[in-house]
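My plan is to go from single residues to the whole fold.

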Amino acid sequence: MYIEYAKLEIKSALEYKVSFILNFISQIFVMFSLYFMIIALFTKFSNINGFTLYEVLLCFGIVQFGFSFNETFFRGLDHFEELIINGDLDRYIVRPQNILFQVMSSHVDLVKLSRVIQSFIIIIISLINLNINWNISKIFVLLLMIFSSIIIFFGLFVLMASYCFLTIQGLEVKNLVTDGGKQVAQYPIGIFKKGFALIFTIIIPFAFVNYYPLLFLLGRTNNMLYMLSPLVVIIYLIPCLLSFKLGLKRYSSTGS
């Protein structure tokens, strides 16, 4: 069913080929501007709290990959308030299919696919330039980092969709949590002061995506708990899903 949704979105996007191509190219330049900002930063500093250029770029690539993946394939969650305002959520409720699945499948943004590809390229470039002694556990933790990056942003998108049940439009809060969280998490959380780092370890567990597993990947620790730390993100996903379910129970329709 998701594939059928995606086919419709692709067909719709390609109806305006010039617009699609221009938007696709513009996203490439946006991504590279963020990339070159980090490059420019390291022209002044050899490292940031012990983390070198390619170590930071690895964090950047993994976080951007997770965020862009959700923006591309689960874009419907990011536009959830529109479903409430337009009354379209009422139609979703009466359909014999999981509502969350319908919402996240309702919009596929192929333009953002350029960011997914670029993020993956940055990850590869970073890994090539890092002196990592590869073994099965290192490969496993890298895959966990990428997977957990997708999961944590999916959880945040669901959480912000749940927030729309209360306020309908919560653009400022949504941008603070998703875009703001992305900007912070693209650097190793360990470079920040303890109070700030604590927020992004306990409240929004980005540290379990790009810091603790990174230390294991780089060989700075052999603690197996660091290797498995990205699994904490799956636990974080549970209250996000429950919040959406609770909001849906209290939803009383927008009327006709």
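Entry 1, a loop residue. I looked up Leu14 first. Leu14 sits in the loop between helix H1 (2–13) and helix H2 (17–41). I keep in mind that this is a predicted model. Is Leu14 buried, exposed or partly exposed? Its relative accessibility is 36%, so I log Leu14 as partly exposed. I then checked Leu14 against Leu110. The two are 96 residues apart in sequence, yet their C-alpha atoms are 9.7 Å apart in space.

How many aromatic pairs does a search of the whole structure find? I noted 21. I picked out the pair of Phe80 and Phe165, which is edge-to-face. The ring centres are 5.2 Å apart, and the planes make an angle of 70°. That angle is over 60 degrees, so the label edge-to-face applies. Which parts does this pair tie together? Phe80 belongs to helix H5 (residues 80–86) and Phe165 to helix H9 (residues 136–167), so the pair ties together parts that are 85 residues apart in sequence. I checked burial for both. Phe80 is buried, at a relative accessible area of 0%. Phe165 has 18%. Buried means under 20%, so Phe165 counts as buried too.

I also found a cluster linked by ring pairs. Its members are Phe67, Phe153, Phe157, Phe192, Phe196, Phe200 and Phe206. One more ring went into my notes: Arg220 lies over the face of Phe51, 4.7 Å from the ring centre.

I turned to Asn210 in helix H13 (residues 207–210). Its relative accessibility is 0%, so Asn210 counts as buried. What does the side chain of Asn210 reach? I found the backbone oxygen of Tyr187, at 2.8 Å. Leaving aside residues up to four places away in sequence, Asn210 touches Cys59, Val63, Met145, Ala185, Tyr187, Pro188 and Ile189.

The C-alpha trace spans about 60 × 40 × 35 Å along its principal axes. Of the 256 residues, 49% count as buried. I looked at contacts with a separation of 6 or more: residues 24 or more positions apart account for 76% of them. The accessible surface comes to about 13,200 Å², and 68% of it belongs to carbon and sulfur atoms.

Key
Residues are numbered from 1 along each chain as its sequence is written. This is a predicted model: local features need pLDDT of at least 70, side-chain atom pairs count only at pLDDT 80 or more; totals for chains, interfaces and linings use all residues. Side-chain values use heavy atoms; hydrogens and water are left out. Helices (H or I, at least four residues) and strands (E, at least two) are DSSP runs, numbered from the N terminus. Buried means under 20% relative accessible area, exposed over 50%, partly exposed in between (1.4 Å probe, protein chains only). Rings of Phe, Tyr and Trp (its six-membered ring) pair if their centres lie within 6.5 Å; planes under 30 degrees apart count as stacked, over 60 as edge-to-face and the rest as tilted. A charge sits over a ring if NZ of Lys or CZ of Arg is within 6 Å of the ring centre and within 35 degrees of the ring normal. A polar contact is a pair of N or O atoms within 3.5 Å; within protein, one must be able to donate a hydrogen and the other to accept it, and residues adjacent in sequence count only if both atoms are side-chain atoms. Contact means heavy atoms within 4.5 Å. Accessible areas come from the Shrake-Rupley method with a 1.4 Å probe; for residues, only the protein chains shown count as cover.
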